[in-house]
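Let's walk through this structure together, one region at a time. Have the sequence and the 3D view open as you read.

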Amino acid sequence: MAGQGSRVFISHLAGVAVFDPNGDQVGRIRDVVVALRIGARPPRVLGLVVEVVGRRRIFLPMTRVTSLESGQVLTTGVINMRRFEQRPTETLVLAELLDRRVTETASGTEVTVLDVAMVQTRLREWEISKVFVQRGRGSRLRKNRGEALTLDWSAVTGFTLAEEGQGAANLLATFEQLRPADLAGVLHHLSAKRRAEVAAALDDDRLADVLEELPEDDQVEILGKLQAERAADVLEAMDPDDAADLLSELPDEEAERLLQLMEPEEAAPLRRLLSYQEDTAGGLMTTEPIILEPDATVAEALARVRISDHKPALAAQVYVCRPPNETPTGKYLGTVHFQRLLREPPYTLVGSIVDGDLDPLPPDTPLPLVTSFLAAYNLVAAPVVDEADHLLGAVTVDDVLDHLLPEDWREAALHGGGEHDGGAHGGEHRDTDHEREAPGGQ
């Protein structure tokens with residue numbers, strides 16, 4: 001355990017691994033739960049929110065923490081695996097306190113919370129001791145902030161006041177290394193107000209990636225709180241199939257308004273996707289596969305495959321077509337799989353090594369046939385062509401899985417599946433944890 005009086009800044013705990021006494025990793029810290037108290041008394045730290053296998057979030061009381069140092073947290077072997085539910089008297093430090101505008105008591109100056117620190121008392125309890133703040137609003141870039149200083153908790157006030165327009169720069173900096181799916185988990189568990197503030201602070205590309213990993217209800221809610229022009233920009237940054245799925249969840253008039261605000265060349269593929277039934281190859285496909293002309297070389301094909309923006313399923317093959325090279329293309333000639341590209345000399349023309357044995361899918365192919373086609377030929381993607389053999393797009397296995405799983409699978413995944421009272425680490429009941437029973441306050 002960090003020694004008595006040792007100060008731990010909570011933003012440094014984000015993503016830290018949690019281990020049981022056997023050295024097995026339990027999960028990673030996603031937040032810290034505190035109870036605000038009356039007057040200037042510092043909040044008591046109740047425990048940690050830990051994300052375990054399956055993206056389930058559980059509560060780990062501080063009484064179960066045996067060591068908190070060296071970039072890891074050690075616990076006792078008894079952990080309740082029930083999904084964490086925040087109580088009305090509880091506050092999440094990273095989600096709710098960072099970026100708040102509070103008041104420095106001595107001067108009456110408004111300051112922004114950049115971080116808070118906790119310390120262990122002589123009674124072996126943990127409490128918030130310090131607040132790291134910035135005077136003046138400064139720049140959104142962390143290196144261009146105003147004056148920063150560390151204050152005692154008692155030297156600031158206003159943490160329990162409702163705040164409109166709370167920023168999110170420091171919260172996002174804390175989680176900047178998260179993959180989109182993990183950041184989606186963070187976003188999903190925030191309040192609707194905080195979720196909108198974080199979404200507003202994300203750049204368009206990052207928000208687009210995160211939206212693709214969220215349940216449809218969250219997608220619609222977040223998009224609806226953006227200004228229409230920005231909502232259109234975010235849709236342009238999304239994968240076309242995901243953007244079309246999101247537009248299909250909106251009222252027709254709202255979807256059309258957003259399409260009108262998009263660049264015509266970005267809106268056109270979405271309109272095509274929306275014209276197909278959702279559970280067909282046309283409705284499932286992406287309109288941006290890797291397309292090459294027959295006189296392109298293997299070296300050019302491998303260069304295209306290496307582009308990091310391509311999802312693995314799309315990068316597993318290239319589609320050889322006559323010009324134009326944007327969907328709908330000229331005549332589709334065949335597919336060259338990644339393994340074949342690796343076996344050929346770099347100067348080989350892709351038109352000479354196409355695999356034309358497998359028939360492409362028509363856009364009206366129903367989902368069961370798409371699934372059996374991918375399974376029968378061990379494919380991760382399949383081309384979709386129209387009656388004139390123009391390539392329209394490609395169906396990838398991840399898009400098929402999205403439609404085979406239950407409609408609420410993303411919601412279930414973000415909550416870690418169903419309810420379980422126990423698990424490998426025991427079945428302690430959170431409802432009896434006395435350390436979570438504390439009055440609200442400052």
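Is D204 buried, partly exposed or exposed? D204 has a relative accessibility of 26%, so it counts as partly exposed; here buried means under 20% relative accessible area, exposed means over 50%, and partly exposed lies in between, using a 1.4 Å probe and protein chains only. Before we go on, a word on what you are looking at: this is a predicted model, in which local features need pLDDT of at least 70 and side-chain atom pairs count only at pLDDT 80 or more, while totals for chains, interfaces and linings use all residues. Residues are numbered from 1 along each chain as its sequence is written, and side-chain values use heavy atoms, with hydrogens and water left out.

Back to D204, which sits in helix α5, residues 204-211. Helices (H or I, at least four residues) and strands (E, at least two) are DSSP runs, numbered from the N terminus. Leaving aside neighbours within four places in sequence, D204 is in contact (heavy atoms within 4.5 Å) with R230, D233, V234 and A237. D204 and L235 are 31 residues apart in sequence, and their C-alpha atoms are 8.8 Å apart in space.

That leads us to helix α7, residues 228-237. Its buried residues are A228, R230, A231, A232, V234 and L235. What covers them includes α4, α5, α6, α8 (240-248) and α9 (252-261). In soluble globular proteins, nonpolar side chains tend to be buried together.

Helix α4 spans residues 192-201, and helix α6 spans residues 216-225. How do they pack? Their axes are 10 Å apart, at an angle of about 65°; the axes are lines fitted to C-alpha atoms over the stretch in contact, and angles run from 0 to 180 degrees between N-to-C directions. From α4 come A192, R195, A196 and A199, which meet D218, E221, I222 and K225 of α6. The residues of this contact divide into 4 nonpolar, no polar and 4 charged, where Ala, Val, Leu, Ile, Met, Phe, Trp, Tyr, Cys and Pro count as nonpolar, Asp, Glu, Lys and Arg as charged, and the others, Gly among them, as polar.

Helix α4 also holds E197. With a relative accessibility of 11%, E197 counts as buried. Not counting residues up to four places away in sequence, E197 touches E163, G165, Q166 and A168.

Next, look at a sheet. It is open, with 3 strands in the order β14-β15-β16 and mixed pairing. Because β14 (291-292) and β16 (332-337) stand at the edges with a single partner strand each, one side of each is left without a neighbour in the sheet. Strand β15 (residues 317-321) pairs with β14 in the parallel sense over 2 bridges; two strands pair if DSSP finds at least two bridges between them. Opposite I291 stands Y319 in β15.

The loop between β15 and β16 holds both P324 and P328. The peptide bond from P323 to P324 is cis, with omega near 5°, and the bond from T327 to P328 is cis too, with omega near -10°. Most residues other than glycine have a negative phi, and most peptide bonds are trans.

Our last stop is β17 (381-385). Why call this strand largely enclosed? 5 of the 5 residues of β17 are buried, so the rest of the structure largely encloses the strand. A381, P383 and V385 lie on one side, with A382 and V384 on the other. β17 pairs with β18 in the antiparallel sense over 5 bridges, and A381 has T396 as its bridge partner. The two strands form a hairpin with 5 residues between them, and D389 in the turn has a positive phi of about 65°. D389, at 31% relative accessibility, counts as partly exposed.
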